[in-house]
Amino acid sequence: MAFIQTDTFTLRGYECDAFGRMSLPALMNLMQESANRNAIDYGIGIADLGQKGFGWMLMRFCLRMHQYPRYGDTIRLMTYPTTVEKYFIHRDFRVLAEDGTLLADAGSIWLVFSMEKRSMVPLPDFIRQLSPPTNVEPLPLLPLKPDFQTLPFSPSETRPVEVGWLSIDQNQHVNNVAYVQWLIESINTDTLQTREIAEIDLVYRTESHWHDWLDVQTATETGDTLLHRIVQTESGKDVILARSRWR
């Protein structure tokens with residue numbers, strides 16, 4: 001059986017930024033909540049995997065903001081799996097206004113990891129056998145290796161972050177949304193006050209944990225795009241690679 005999750009939310013003040021627009025971390029948190037509700041219907045929620053010694057990990061996420069909802073607006077958030085492969089499952093998200101206007105959409109790629117070994121495993125059969133809905137038009141599949149991850153990177157800003165307790169999720173590693181908040185907080189003041197993110201594209205490379213120290217780095221690609229990296233301070237290992245486009 002195929003399932004499409006549809007949730008309705010009315011935006012609260014703490015989900016909005018200083019200009020009354022919905023913040024990207026708030027939107028991503030709602031997307032994550034809807035995705036887990038959808039996964040529960042399929043029998044592959046966080047608890048279902050945890051009972052079998054597995055956990056979900058986000059590998060790729062690309063969010064496009066067509067129009068920002070604002071404080072007090074009611075939005076309809078839809079999510080569903082689109083493609084199931086040997087190691088990865090693709091999931092789409094759509095955010096609609098009350099009148100049906102498309103406000104945002106996102107594509108994502110998820111993998112399953114062993115809680116004991118903390119390493120990726122092939123998707124178990126009970127996940128690979130699920131049926132994605134056929135009555136929706138899926139977004140183009142995200143590439144596993146986007147071009148920006150191999151571009152030259154010379155950071156103009158580097159900010160250290162210590163992973164706090166509230167950034168850890170049930171899988172005992174940093175929640176994927178926490179990284180996005182750190183990336184946004186590292187942007188220069190003028191950009192944050194005069195522009196808005198039109199698109200953010202992320203590659204999650206490895207996990208990090210409570211009390212880890214990370215370096216959040218930003219570099220300019222063009223007048224409208226920035227490149228981002230979050231690296232482990234001690235090892236220099238990449239945790240996140242990203243590109244953001246501004247308007």
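This is a predicted model: local features need pLDDT of at least 70, side-chain atom pairs count only at pLDDT 80 or more; totals for chains, interfaces and linings use all residues.
Leu24, Pro25, Met28, Asn29 and Gln32 of helix α1 are in contact with Asn176, Val177, Val180, Gln181 and Ile184 of helix α4. Helix α4, spanning residues 176-185, is largely enclosed by the rest of the structure, because eight of its ten residues are buried.

**Packing of α1 and α4**

- Two packed helices are described by the angle between their axes and the distance between the axes.
- The axis of α1, which covers residues 24-42, comes within 9 Å of the axis of α4, and the two cross at roughly 170 degrees.
- Since angles over 145 degrees count as roughly antiparallel, α1 and α4 are therefore roughly antiparallel to each other.
- An α-helix has 3.6 residues a turn, so residues three or four places apart point the same way; the contact list includes Val177, Val180 and Ile184 from α4, and Leu24, Met28 and Gln32 from α1.

**Burial and the start of α4**

- The buried residues of α4 are Asn176, Val177, Ala178, Tyr179, Val180, Trp182, Leu183 and Ile184, and among these Asn176, Val177, Val180 and Ile184 also meet residues of α1.
- At the start of α4, the backbone nitrogen of Val177 has a side-chain oxygen of Asn175 within 2.8 Å.
- Ala26 belongs to helix α1 and counts as buried because its relative accessible area, 10%, falls under the 20% cut-off.
- Between the C-alpha atoms of Ala26 and Ala198 there is a separation of 16 Å, although the two residues are 172 residues apart along the chain.

- With ring centres required to lie within 6.5 Å, the count comes to six aromatic pairs.
- One of these pairs joins Tyr87 and Phe88, whose ring centres are 6.5 Å apart and whose planes stand at 50 degrees, a tilted arrangement.

**Charges over rings**

- Arg21 places its charged end over the ring of Tyr68, at 5.7 Å from the centre of that ring.
- Lys52 lies over the face of Phe126, with a distance of 4.8 Å to the ring centre.

Notes. Residues are numbered from 1 along each chain as its sequence is written. Side-chain values use heavy atoms; hydrogens and water are left out. Rings of Phe, Tyr and Trp (its six-membered ring) pair if their centres lie within 6.5 Å; planes under 30 degrees apart count as stacked, over 60 as edge-to-face and the rest as tilted. A charge sits over a ring if NZ of Lys or CZ of Arg is within 6 Å of the ring centre and within 35 degrees of the ring normal. Buried means under 20% relative accessible area, exposed over 50%, partly exposed in between (1.4 Å probe, protein chains only). Helices (H or I, at least four residues) and strands (E, at least two) are DSSP runs, numbered from the N terminus. A polar contact is a pair of N or O atoms within 3.5 Å; within protein, one must be able to donate a hydrogen and the other to accept it, and residues adjacent in sequence count only if both atoms are side-chain atoms. Axes are lines fitted to C-alpha atoms, for helices over the stretch in contact, and angles run from 0 to 180 degrees between N-to-C directions. Angles under 35 degrees count as roughly parallel, over 145 as roughly antiparallel, 65 to 115 as roughly perpendicular and the rest as oblique. Contact means heavy atoms within 4.5 Å.
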